[in-house]
Amino acid sequence: MTAAVMANGNWDPALSRLLVSLEEARQVLPSSEEEFGFLSDLLQSKELHALVKVHNKIINNGKDEKFHPTLSNSMQIALEVLEVVAPRTCISEDCKEVFMLLQKPHIQGLLCAHDAVAQKDYFPRLPEIPLEVDEDEETIKIVQLVKSNEPLSGAQSAEPIVGATIKTDEETGKIVIARIMHGGAADRSGLIHVGDEVCEVNGISVEGKTPNDVLKILQSSEGTITFKLVPADGKSGLRESKVRVRAHFDYASATDPYIPCKEAGLDFVKGDILHIVSQDDAYWWQARREGDRNMRAGLIPSRALQERRIIHERAQIDKAAGEESLCSVSVLPGCQSPKSPRCASKPKTKKIMYELAENDDFDREEIATYEEVAKLYPRPGLHRPVVLIGPPGVGRNELKRRLIATDPEKYKTPIPYTSRSVRHGEVHGKEYFFVTREKMEEEIESGKFIEFGEYKGNLYGTSAESVKSLVNAGYVCILNPHYQALKMLRTPQLKPYVIYIKPPPFDVLKETRNAAYARSTFDENNSRGFTDEEFRDMLHSAERIEFLYSHLFDCTIVNADLSAAFEHLVQAVTRVETEPLWVPASWVQ
Ligand SMILES: Nc1ncnc2c1ncn2[C@@H]1O[C@H](COP(=O)(O)OP(=O)(O)OP(=O)(O)O)[C@@H](O)[C@H]1O
């Protein structure tokens, strides 16, 4: 058999040699016939031979220079190229083509696959071969870290002096690592893991000590700190998540009574983009502010924890408010309670187009905590609609009119529909699309209108289709709908950019409007200025809009001085056309 194998010229010479050695050793080795037989069969099996051949081929080809990847981060480079070419797509056809090409999912898939191969990032990973260890003997590791200025605290069980916190293990009573802060010294070392038992710090045994005792040892140490640790079982390396979220609330760790370690907290304000690096803990996520150069992550309340808090706070406020104000909205601490639509004194003469839905603008159920976001790159020839939201009379029409006047061939506003009859000189499709009341009611019913209302017995409204057709025709669609339309508009299909036009404080509002002889939009004939009551209504309405919808705003412009507000608007619109911006993650997938 052996001879037959060896005679076969194709047979792998290394396998043949092994087989010959096996035969030679047969007499002298104390192994059983069965064991020899098994090895002999294995060395002669076609499967093993085929495997060895494949292996040799890969090794030989791998030596070939042409199989070496020139880079292993092509996807990263593609994203950088996208950022560079995005603003140039309007001026160069080549840039436009590169931009479109690099955004194609197939190209991106290919680049990702290339990088995975280049980085030899093959899955599944084989587990490391376990070393044979004496079961009674504990493995000890010695880790040295340089003490840094990372947060230092004696709070409860935590002491993130080297980017880690410790606690007393409830079962064993020993001091263990409770948490590793992403990007902190411990994390960067890769040597300390959650669950590791701390035996000694700088040669001092921590047996029987509390976390606070250990903290004191650490505080009094200078320079390098040496830990003697018993590794935790089944520790896993920290894998950084790629999740980015937009915060919908302000957070200050110093005033949070529940955070396990105040100094490890990450403060942020509403609207900040946060990179969530770990969601391992159900209550405390680890995050970095996007673009923050500080490598160490901080603790923030998880979505679940924040939702619970908000529900609890709302319940407290509702309880306190009691029966006294049945129509008040529950508010978060720090927010002023905006007037309820049913309690607010309604402007008397305002031409209300949106009366039909005026009662249901409150979405009390929604608990805005974090929204997952991703970057949306500008798409040449496919512009995001720009939506101006604000209280009636604040100046949205004025700003929209001025913007369209800068380039009427680029900026367009959808033509509304109405059920009223055509007046002399009006043309269907110019001022309005004129349709029957029945047809309009039917389409409203089937959700085709992003906003609608009734005025003097006639229906008026804007259809989602009109917005889509302007976008598809390559225009920048500018809308200034009633704020209730926001929910209908903010869809992955339309991807609107929402700008909130905010009124300035009362005095400035009154002064600027009176100085410009502004016409009151509450007056049917537009023949007089605003009254003080109307200014106040505008400010109340602004408060309510902010309370209900501010988490949906991409940008806020205070309309005090009109030309400054307009300049701000032009800048914002240019940014939407040229820069990658954060949007809900579902819009990008
Ligand atoms: N910053 C400003 N300074 C002075 N006047 C202003 C300013 N902004 C707007 N106005 C004037 O205020 C009046 C109302 O503005 P506009 O019609 O644009 O309000 P609107 O938000 O569209 O209101 P509505 O939603 O009720 O139609 C107009 O006469 C406008 O020229």
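Helices and strands here are DSSP runs, numbered from the N terminus. The model is predicted.

**View 1. Lys-456 in a loop between two strands.** Lys-456 lies in the loop that links strand S16 (449-455) and strand S17 (458-463). Its phi is positive, about 50°, although Lys-456 is not a glycine. The relative accessible area of Lys-456 is 59%. Exposed means over 50%, so Lys-456 is exposed.

View 2. Tyr-517 is not a glycine, yet it has a positive phi of about 50°. With a relative accessible area of 67%, Tyr-517 is exposed.

**View 3. Glu-438 in helix H12.** Helix H12 covers residues 437-445 and includes Glu-438. Relative accessibility is 54% for Glu-438, so this residue counts as exposed. Ser-419 is 19 residues from Glu-438 in sequence. In space, the C-alpha atoms of Glu-438 and Ser-419 are 8.5 Å apart.

**View 4. Helix H5 against helix H7.** The axes of H5 (residues 74-85) and H7 (residues 105-118) come within 8 Å. They cross at roughly 140°. H5 is therefore oblique to H7. On the H5 side, the contact is made by Ser-74, Met-75, Ala-78 and Leu-82. H7 contributes Gln-108, Leu-111, Cys-112, His-114 and Asp-115. By class, this contact of H5 with H7 has 5 nonpolar, 3 polar and 1 charged residues.

**View 5. Lining of the largest cavity.** A search of the whole structure finds 1 cavity of 30 Å³ or more. The volume of the largest cavity is about 90 Å³. Leu-376, Tyr-377, Pro-378, Arg-379, Leu-382, His-383, Arg-384 and Val-386 are among its lining residues. Val-476, Val-576 and Glu-577 also line the largest cavity. By class, the lining has 7 nonpolar, 1 polar and 3 charged residues.

**View 6. The whole protein chain, for context.** The secondary structure of the protein chain comes to 18 helices and 21 strands. The chain has 589 residues, of which 40% count as buried. Take the contacts in the chain between residues at least 6 apart in sequence: 65% of them join residues at least 24 apart.

Key
Residues are numbered from 1 along each chain as its sequence is written. This is a predicted model: local features need pLDDT of at least 70, side-chain atom pairs count only at pLDDT 80 or more; totals for chains, interfaces and linings use all residues. Side-chain values use heavy atoms; hydrogens and water are left out. Axes are lines fitted to C-alpha atoms, for helices over the stretch in contact, and angles run from 0 to 180 degrees between N-to-C directions. Helices (H or I, at least four residues) and strands (E, at least two) are DSSP runs, numbered from the N terminus. Angles under 35 degrees count as roughly parallel, over 145 as roughly antiparallel, 65 to 115 as roughly perpendicular and the rest as oblique. Contact means heavy atoms within 4.5 Å. Ala, Val, Leu, Ile, Met, Phe, Trp, Tyr, Cys and Pro count as nonpolar, Asp, Glu, Lys and Arg as charged, and the others, Gly among them, as polar. On a 1 Å grid over the protein atoms alone, a cavity is a set of points where a 1.4 Å probe fits but cannot get out, and a pocket is an open set with protein on both sides within 12 Å along at least five of seven lines; lining residues have an atom within 4 Å of a point. Grid points are joined across faces, edges and corners, and a volume is the space filled by probe spheres set on the points. Buried means under 20% relative accessible area, exposed over 50%, partly exposed in between (1.4 Å probe, protein chains only).
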